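Please read these notes with the model open beside you. They go point by point.

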Amino acid sequence: MSDQAVAEYRIEDLAHHSGATVRTIRAYQDRGLLPKPERRGRSNVYRDTHLARLRQIADLLDRGYTLASIKELLEAWDAGRGLGGVLGLVAEVHGPWTDEEAARISREELNARFGGRPDDEAVDEACELGVLERIPGRPDQFLVPSPQELAVAAELYAAGVPLSAITGHLRELRGQVEHIASRFLEFTTEHVFARYLGQVPPTDTDAAEAATMVRRLRPLAQQTVDAELARAMRLFATRHLQRHLGAGGPPPSGPAPVALPAGTVRAVQDLVGADHVAEFVRAATERELQARTMNDLARRAEPGR
């Protein structure tokens, strides 16, 4: 790099300062993501604008954007449309969705909270699930993204739940929660964010307004889930307790449901169609009851009875 007021880089220097490889830099140039360098004799000369662009691309890649979508954003920037609102929206969506702050825990503290014995397999699984994160160069330290989640696991373990059951439950729960998050996002996109995201990439103003809306709506998903989970837990915990206490709760009202064999249901569907299964079963049951009543009456009328 030269000592001029405006920094200049050879491609090797640019790779060193940006963290990208020479091959990656050339690939970005070929795809139009990076402006062409100045040709000076037999060498290409890059400037701070190239370094800034490489860092911008790396940041967007870390946030999960594809090279194709990054190219659209950068083209909008180069066309003078601005990226302030768009990058603000990116930062808002990518930012923390909870007020909980990450913490650190030592391996010694971790062992103490979970039985006092080292369990490398359990630690590996916790890292795979993201409950713990390894800290480079510190094998005795872990980052805990959600101390509350780790505290719940410790309480369950202290109550006698095996670690394998806890991690299995977390995997199942995570899949269900991710479905809820996906549905909430689809719902808000359809009814709220569609008006801001009609143009790709969105205008700077629309992106800034969408970022503001993300801040407003961010807590709603958790508040809704908290309220519905509380309602469901009260309902099912009460039923569960009544079932286990037997007479301790009110007897169930109405007839108990009867499960028909799957083969019987398929046979009825083939006969009368799926929409008429319940009606057919009801009619067949009534006819059977009537037949049994008539047979009983006939037996009573026989001589000698």
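**Notes on the predicted model**

1. Helices are DSSP runs of H or I with at least four residues, strands are runs of E with at least two, and both are numbered from the N terminus.

2. This is a predicted model: local features need pLDDT of at least 70, side-chain atom pairs count only at pLDDT 80 or more, and totals for chains, interfaces and linings use all residues. Residues are numbered from 1 along each chain as its sequence is written, and side-chain values use heavy atoms, with hydrogens and water left out.

3. I166, T167, L170 and T188 are buried in α9 (under 20% relative accessible area; exposed is over 50%, partly exposed in between; 1.4 Å probe, protein chains only). The buried residues of α9 pack against α7 (120-129), α8 (147-158) and α10 (204-245). Contact means heavy atoms within 4.5 Å.

4. Strand β6 (residues 138-144) runs antiparallel to β4 (residues 103-106), joined by 4 bridges. Pairing requires at least two DSSP bridges between two strands. F142 in β6 stands opposite I105.

5. β5 (residues 133-135) is also antiparallel to β6, with 3 bridges. I135 has R138 as its bridge partner. The β5-β6 hairpin has 2 residues between its strands, and G137 in the turn has a positive phi of about 80°.

6. H94 lies in helix α5 (residues 84-94). H94 is partly exposed, at 45% relative accessible area. Leaving aside residues up to four places away in sequence, H94 touches D62 and R63. H94 and R63 are 31 residues apart in sequence, yet 6.9 Å apart in space, C-alpha to C-alpha.
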